[in-house]
Amino acid sequence: MTSRHVVRRASEAAFTAVSGGFSRWSIVDESVPGAVHTGFAVCELAPGASVPSRVNWFEESVFLLSGSAVMDTPGGSYRLGPGDYGLVNTGVPYAWRNPGDESARWAQMQAPQPRGRLDGDTLPVALAAPGPVLPVDPRDPRTQSFGHISPRHMDPGKQSQDLLAVSASMRTALLVYSGITVKMMVDSDLGADLSTMFMVQYQPDGVAGAHDHPFEETYLILEGATDATFDGATYRLEVGDVAWAGVGCVHGFANAGDGPVRWLETQAPQPPPRHSYRFARDWTYLRDVLHEEESA
């Protein structure tokens, strides 16, 4: 059976030059069997380098991992630093530039997956001369497609009004259950139609039982370590490692350390309002019940 998951180690990161000073480590693309809705990569932009303005026939979400860079859009220019994230809707022109003195790195989520036979579903377009550069400020209506998140925003015991106001999305409150904390970042409230991006944190006792989805998921580990199981194969994932689970891939997670484990997670397409999760334990229970009824 064709594998429905992929694991890429941080030590295996291979950045390919795209243009002057811009490179990508492509992790989920057309080379991954079963991947259709997800394009996922880590991008790097050198000091003084830029990415020419373009328009995509897909939705793109970004999360700054290190350094800083400026994204130019028709609505303004915004400086993104570590923990900042944003959404570029389908058909919206944008460009990148790095006026700083250190390289910038960001996670890049594309949905649906770009098609190489169609020039990556990307075309060069002109963009008006950039204006003043604004910082990412979720309270400022001009930056409503951007937000910021940090480890302190994932602590359920330290939530306050100023911490809740970290995203243009209304779904900024923490979802806490079974030692697991989830905070939405890019979703329909932020303007996304095809994908989601959010932060997940497991306490030392955090466990998610085996389950699968009718959509694809990607996980980039940012802190700690987790034991992740995909279709029966278990991997120890650590900082910088990336995993992808396709539709129908049964997966589960358990914190593998004494402190929290935190990762960036994406989904494509957006989860349906019902039946987003199919837990293996429920179907095993039903199978046992039916077997008992047949045996009675």
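**Exercise 1.** Work out how the residues lining the second largest pocket divide into nonpolar, polar and charged.

*Solution.* The lining holds 13 nonpolar, 10 polar and six charged residues. Here Ala, Val, Leu, Ile, Met, Phe, Trp, Tyr, Cys and Pro count as nonpolar, Asp, Glu, Lys and Arg as charged, and the others, Gly among them, as polar. A quick note on the source: this is a predicted model, where local features need pLDDT of at least 70 and side-chain atom pairs 80 or more, while totals for chains, interfaces and linings use all residues. Residues are numbered from 1 along each chain as its sequence is written, and side-chain values use heavy atoms, without hydrogens and water.

**Exercise 2.** Find which residues lie nearest the centre of that pocket, and which strand gives the most to its lining.

*Solution.* Start at the centre: of the 29 lining residues, Arg 24, Gln 108, Gln 110, Pro 114 and Gly 120 lie nearest to it. Next, go to the strands: S3 gives the most, with five residues.

**Exercise 3.** Trace the pairing of S11 with S4 and S6.

*Solution.* Take strand S4 (residues 39–45): it pairs with S11 in the antiparallel sense over seven bridges, and Cys 43 has Trp 106 as its bridge partner. Then strand S6 (residues 59–66) also runs antiparallel to S11, joined by seven bridges, with Glu 60 opposite Gln 110.

Notes: Pairing = 2+ DSSP bridges. Helix = DSSP H or I, 4+ residues; strand = E, 2+ residues; numbered from the N terminus. 1 Å grid on protein atoms, 1.4 Å probe; cavity = no way out; pocket = protein on both sides within 12 Å on 5 of 7 lines; lining within 4 Å.
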